[in-house]
Amino acid sequence: MMEETRDFIRQIIDEDVKQGRYGGRVHTRFPPEPNAYLHIGHAKSILLNYRIAQEYGGKFNLRFDDTNPQKESAEYAEAIKEDLRWLGADWEDREFYASDYFEQLYVWAEKLIEKGKAYVCDLSPEEISETRGKAIRDGDRVITPPGTDSPYRERSVEENLELFRNMRAGEYADGAKTLRAKIDMAHPNLNMRDPVMYRILHAAHYRTGDAWCIYPTYDWAHGQCDAIEGITHSICSLEFENHRPLYDWFLEQLGVHHARQIEFARLNLTHTVMSKRLLLRLVREGHTDRWDDPRMPTLIAMRRRGYTPEAIADFMNRVGVSKSESVVEHALLEHCVRQDLNLRAPRRLAVLDPLRVVITNYPEGQEEMFDAINNPEDPAAGTRKVPFSRELYIEREDFMEDPPKKYFRLAPGREVRLRYAYFIRCEEVVKTPDGRITELRCSYDPTTRGGDAPDGRKVKATLHWVSARHAVCGVARLYEHLFGVENPLKVEEGQDWIDNVNPEALVTVPDCMLEPSLAEVEPGQRFQFERKGYFCVDPDSRPGAPVFNRTATLRDTWQKLRARNAT
RNA sequence: UAGGGCGUAGCCAAGCGGUAAGGCAGCGGGCUUUGGACCCGUGAUCGGAGGUUCGAAUCCUCCCGCCCUAGCCA
């Protein structure tokens, strides 16, 4: 029997459960700051935390880390909840906010002051930075000197208590004072050099309004929030590893529940960027339309583009969890959507770049219906009727006047199959005076009705097509990688990563010819346009004027062959 | 520089002292009324150097490379 491979986090939890740590309880959480939309990197964390809770029969909380009123909003919080719901991560009734704990955190802060473990400091941000042991350049060496004590470090408990209360009461200007933990200014871990716990900020908070003018820092809040909620395993990304000793110190001083923090490497993907700051710039400068522009790696955008939560979950599964920083190839993500959509997306015939074909020996005015299979992977999906007539559209790239070797499609004198219909042969090419091909005149073989020749002769290609008279016109938005290079942030000195934005990441095709069944579609519906890719109906669609977003292309060995020979 | 981490095939990633799983990509082939899907085949001695051991990717030592922190952001 194959042993299931368990990632290092699950191995740690297995052990904790076995040892009876936390009474065998497992309780995780996802702690977003409501200051931006979630991207696929967040999905890794969400699914990891949610699944672990499920697997161990534990609980999963959603907690908004809203300790910075200047950046956060209810709008973002709502969008984040929608993303979690879409992914299927159910926090049940456990929707929490760090801001709900402000009073408790304040009480705990006074407790630290009383213990002589925190003090009010009058140093400016610059002064604090200086005295914390700012890195110094010494020739080509960098030295990190020990920090020096703040002159306010030895204030009495009484004075600190009074000053801190005055801070809360709003007696000081923004930035005039801070509450700092009294730890060790010479500590090798910079986070332990008397970190700031509270800053004065006369700013309205989207949930607590003007109730507070001092706000806890993330470092002071996070561990205690976990403690309040009884979190057992506080899973976070690598950059917080350095902060763990500080969290440990706070919790120990307070003598409260202590979650076990486990850090993992966040997800990185090729051909895109994955930080809120960078994504924000793309939106602000108009390189993409909004957060839900299907070129974006945000969940709201991927949803619009046609990705399924199942594909994303499968992707996370395959990527795994570890501590080594890595960059996953976008191709793996694409593989996962294709795999999922292949099984469930109904097939349709759609011509993206139409070339008119006239079947010269097909009676004018005649038409007939062919049965088309909705999904060869799913017999239960049944069949549908597709109309055929004398004038059709085929894909422009499915014809070449002077085809290279290995090109199997239509060419002068060559015979191919029209899917579900007939064999046709190209008899004549009609062009404009300047050489542009406007029409193909072909003949069909009536005995090949349905697509098989009674004499057993074979064709090397099967083309998709749409009857001109019955075609529905629609828009297709063809998406490519947002960036043309694997690592957009890798730029020459003086260059801007934004220049790596791929101008062809979106190509809009205004006049696709679609089979009639595509006239009535609902936003969010997904299809496979045979031989072209997976497409999802965009909310911009109007009755009779559908708009489709290309989720992913199909694997295309011909394209690959061509690309290889071109280079 | 200090402190904290990471280093297994092109990209992820198992492995936890007994002689390198799996996936993606690539390549080759089969099948095919989607050049889709599906099926088959194909690659590494584990950052480097020493050492311990009958035996090391796994233990020890040293070295190299990369990342994180040095916000009153999270």
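Begin by selecting Lys 81: beyond residues up to four places away in sequence, Lys 81 touches Leu 62, Phe 64, Trp 91, Glu 95 and Tyr 97. The model on display is a predicted one. Lys 81 belongs to helix 3, which covers residues 74-87. With a relative accessible area of 9%, Lys 81 is buried, because buried means under 20%.

**Second stop: Leu 299**

Select Leu 299 next, in helix 10 (residues 299-305). Leu 299 counts as buried, its relative accessibility being 0%. Show the residues around Leu 299: when those up to four places away in sequence are not counted, Leu 299 touches Leu 38, His 39, Ile 40, Ala 43, Asp 83, Trp 86, Leu 87 and Ile 312. One of these, Leu 87, is 212 residues from Leu 299 in sequence, yet their C-alpha atoms are 9.0 Å apart in space.

Select residues 40-55 for helix 2 and residues 309-319 for helix 11; their axes come within 10 Å and cross at roughly 80 degrees. Helix 2 is therefore roughly perpendicular to helix 11.

Now select residues 102-114, which form helix 4, together with residues 218-229, which form helix 7. The axes of these helices come within 11 Å, with a crossing angle of roughly 115 degrees. Helix 4 and helix 7 are therefore roughly perpendicular to each other, and the crossing of helix 4 past helix 7 is right-handed. Which residues of helix 4 and helix 7 meet? Helix 4 supplies Gln 104, Leu 105, Trp 108, Ala 109 and Leu 112, and helix 7 supplies Trp 220, Ala 221, Gln 224 and Ile 228. This contact of helix 4 with helix 7 comprises seven nonpolar residues, two polar ones and no charged ones.

How many disulfides does the count come to? The count is zero. Select Cys 213, which is in no disulfide: its nearest cysteine sulfur belongs to Cys 121 and is 18 Å away. Cys 213 is buried, with a relative accessible area of 8%. Move to Cys 426, whose nearest cysteine sulfur, that of Cys 442, is 4.7 Å away. Cys 426 is in no disulfide either, because a disulfide requires sulfur atoms within 2.5 Å. Cys 426 is buried, at 1% relative accessible area.

**Last stop: two positive phi angles**

Select Tyr 22, in the loop that runs between helix 1 (8-19) and strand 1 (27-30). Phi of Tyr 22 is near 60 degrees, a positive value in a residue other than glycine. Finish at Arg 531, located in the loop between strand 25 (526-529) and strand 26 (533-537). Arg 531 is not a glycine, although its phi is positive at about 70 degrees. With a relative accessible area of 33%, Arg 531 is partly exposed.

Notes: Residues are numbered from 1 along each chain as its sequence is written. Chains are lettered from A and ligands numbered from 1 in the order in which they are written. This is a predicted model: local features need pLDDT of at least 70, side-chain atom pairs count only at pLDDT 80 or more; totals for chains, interfaces and linings use all residues. Side-chain values use heavy atoms; hydrogens and water are left out. Axes are lines fitted to C-alpha atoms, for helices over the stretch in contact, and angles run from 0 to 180 degrees between N-to-C directions. Helices (H or I, at least four residues) and strands (E, at least two) are DSSP runs, numbered from the N terminus. Angles under 35 degrees count as roughly parallel, over 145 as roughly antiparallel, 65 to 115 as roughly perpendicular and the rest as oblique. A crossing is left-handed if the near helix is turned anticlockwise from the far one by less than a right angle, and right-handed if clockwise. Contact means heavy atoms within 4.5 Å. Ala, Val, Leu, Ile, Met, Phe, Trp, Tyr, Cys and Pro count as nonpolar, Asp, Glu, Lys and Arg as charged, and the others, Gly among them, as polar. Buried means under 20% relative accessible area, exposed over 50%, partly exposed in between (1.4 Å probe, protein chains only).
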